[in-house]
Amino acid sequence: MLPIMQWIEKHKIRLAVIILCGLFLTLAAPAEALRTATVDVIGTGRACDENISKSREQAIADSLVSALEVVLSEIISRDLLIHNFQKLNEIFYGHTDRYITDYKVFAEVSSGNRYRVMVQANVSVDRVEKRLVEEGILLGKAPLPKILFLVTEQNINDPIPKYWWGRGMLFFESTVEKAMAATMADKGFPVIKHGIRMPSLDGDTIAYPMNLSDIEAVNIGILLNADIVVIGNAVAGKTINIMGSNIRSFKGIISARILRTDTGAEIAAIKKAAAAVDSNETKGAEKALSHAGQLAAKELSVQIIAALQDKKEAEVLEILVQGTDDLSNFVMFRKTLETIPGVKNVQTKLIRPGETTIMVLFQGSARELADALMLKTFVMFGISIDKVSENYLKLELIPG
């Protein structure tokens, strides 16, 4: 047998080839795929006959901003979008190239003084979420709350709803809960498993009803060390749609609320419906319930993060509204005011000729409420905000 050094010398060319091939395969190995969202949007630029390429660039840039807006609205709530609009503008909208991996222009047209393009853009969801976490807009570093599900379920062949905290049903596995728990877990929420952990619920010591009160739901959550509880109900049923002799359509509907166990406060609520098609009644109903659960969990997770992210206390603000002689304008203003995120209650304090004083319970400052009002569009009138102080707004309704 040749000594090792002689063997290496004799076969060094072959070894070099093997090493180079291994290095090539390592470098050529595909990196872990980033999550992307494909969005179809329309962008607009100012038409310029002298410089069509510039008009096209403006329209494409506008469409890429719109694509980012669509993805952001899927990740964070409308409240967070409004509260962080300035920061989002600085982080994302001026740097679309950092988050959009590629795009295609499908169509373009010049119409009057506008140049429009239809664009399909691929947005990196991972990069967007990572930046939101870094900026503190999206919870990421802080531990997410532990969730316990308390949802009754009535499938298509169930005479009455089933629920795991009922006598003899500790091991009942809800279809909608399974779907919601999986979706929440994918988003990083710890989901508490029940069943054998609460044997007292199956005896005579504790007897909770099917329709839990908020206090009862919170008590069960505390017993199982949950930070929040999902309380609600899900129902499956048939629709009137039929295809052929045996294919039917089924629907699943879920209504749910989320309560904090430390305060008992409601922080989120949702109602979702979904449909499914199958020749088997049980399977079709289960698919509809599962889909409804996934939709509900997706939206509830956003609401939870928004509620936990927003630490502001509600403040009572006084608004003096002038120009209220036209009652219809004032009614429309008040209705619009009530739709602003963070507005909890609106009450009339004093009515005088031409002006009305109202009190608003608002989760934020008077300046933030003024900014939110300025973003609203009123059809028959406009608003002129004359004064903004710590807890006071003075504005006038101006006829259009």
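**Exercise 1.** Across which strands does helix α11 lie, and at about what angle does it run to β11?

*Solution.* The model under study is predicted. Begin with the helix: α11 comprises residues 366-374. Next, list the strands it lies across, namely β8, β9, β10, β11 and β12. Finally, compare directions: α11 runs at about 160 degrees to β11.

**Exercise 2.** Determine the order of the strands in the open sheet and identify its edge strands.

*Solution.* The sheet has five strands, ordered β9-β10-β8-β12-β11, with mixed pairing. The edge strands each pair on one side only; they are β9 (343-352) and β11 (381-388). From one strand to the next, the twist averages 25 degrees. Helix α10 (residues 327-338) also packs on this sheet, where it touches β8 (315-322), β9, β10 (355-362), β11 and β12. The direction of α10 makes about 155 degrees with that of β9.

**Exercise 3.** Describe how β11 pairs with β12, and state which residue stands opposite V388.

*Solution.* In general, the strands of a sheet pair through backbone hydrogen bonds, in either a parallel or an antiparallel sense. For β11 and β12 (residues 392-399), the sense is antiparallel, and the pairing extends over seven bridges. Within β12, L393 is the residue opposite V388.

Terms used. Residues numbered from 1 in each chain as written. Predicted model: local features only at pLDDT ≥ 70, side-chain atom pairs only at ≥ 80, totals over all residues. Heavy atoms only, no water. Pairing = 2+ DSSP bridges. Helix = DSSP H or I, 4+ residues; strand = E, 2+ residues; numbered from the N terminus. Axes fitted to C-alpha atoms, helices over the stretch in contact; angles between N-to-C directions. Contact = heavy atoms within 4.5 Å.
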